[in-house]
Amino acid sequence: MTKRSAIRGLAVAVAAVLLVTQALAAAPSQKPGAKNRFGKWKMDSEAPAPQSNIMTYEPFGDGGMKVTINTVSAKGTTGEWGYETLFDGVFRPVRGQEGNETAVEFIDDFSTRIQNKSKGRVGQIVINTLSKDLKTINNEYVRLDEEGKIRGVTHAVYRRIE
């Protein structure tokens, strides 16, 4: 091998490493807990009349998630709302619910803490826990009064449908 060939080979290798490094740096760095949630989830319903609540989780920004909730009430009324999060605990607007904001942060790879704010006050905290088999999400909804004291807790289970 000539000196010129060795230098060319080294230059090609360095260029390849630089390209791969740039590609990795530009790619969104999804948190494992976020990636495992991507898809559609349907809430189990115990209501006597038909109703539906479907959450759709999609990638958003650099490591974040876009959440869209589609609802159908027992009376057939439909609705849609949602938000984007980077899992940094920063409050961001809720689409379809004017004046409301949501902040999300990871507790661990399977659980998030979601704070829902309305008119400047946190009125609900949701602990969203993904099962280890990645097939269900359990939500604990903790409702707070004006002083921040717990006034009620409810539970919902979502099952993966896509």
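Which side chains meet in a salt bridge at 2.9 Å, N to O? They are those of Arg-92 and Asp-88, a salt bridge being a side-chain nitrogen of Lys or Arg within 4 Å of a carboxyl oxygen of Asp or Glu. Before going further, please keep in mind that this is a predicted model, in which local features need pLDDT of at least 70, side-chain atom pairs count only at pLDDT 80 or more, and totals for chains, interfaces and linings use all residues. Residues are numbered from 1 along each chain as its sequence is written, and side-chain values use heavy atoms, with hydrogens and water left out.

Let us start with the sheet. Ten strands form an open sheet in the order E4-E3-E2-E1-E10-E9-E8-E7-E6-E5, with antiparallel pairing. Strands E4 (78-85) and E5 (92-93) stand at the edges with a single partner strand each, so one side of each has no neighbour in the sheet. Here strands (E, at least two residues) and helices (H or I, at least four) are DSSP runs numbered from the N terminus, and two strands pair if DSSP finds at least two bridges between them.

Now back to the salt bridges, of which the count comes to four. As a general point, side chains of opposite charge can pair when their charged atoms come close. In the pair that opened this tour, Arg-92 is buried at 19% relative accessibility, while Asp-88 is partly exposed at 38%; buried means under 20% relative accessible area, exposed over 50%, and partly exposed in between (1.4 Å probe, protein chains only). Arg-95 forms a salt bridge with Glu-84, their closest N and O atoms being 2.4 Å apart. This pair links distant parts of the chain, with Arg-95 in the loop between E5 and E6 and Glu-84 in strand E4, eleven residues apart. Arg-95 counts as partly exposed at 30%, whereas Glu-84 is buried at 18%. Arg-159 forms a salt bridge with Asp-44, with 3.0 Å between the closest N and O atoms. Here Arg-159 lies in strand E10 and Asp-44 in the loop between strand E1 (39-43) and E2, 115 residues apart.

The largest pocket has a volume of about 410 Å³, a volume being the space filled by probe spheres set on grid points joined across faces, edges and corners. Of its 28 lining residues, Trp-81, Asn-116, Gln-124, Val-126 and Tyr-141 are the closest to its centre. The largest share of the lining, five residues, comes from E8.

Key: 1 Å grid on protein atoms, 1.4 Å probe; cavity = no way out; pocket = protein on both sides within 12 Å on 5 of 7 lines; lining within 4 Å.
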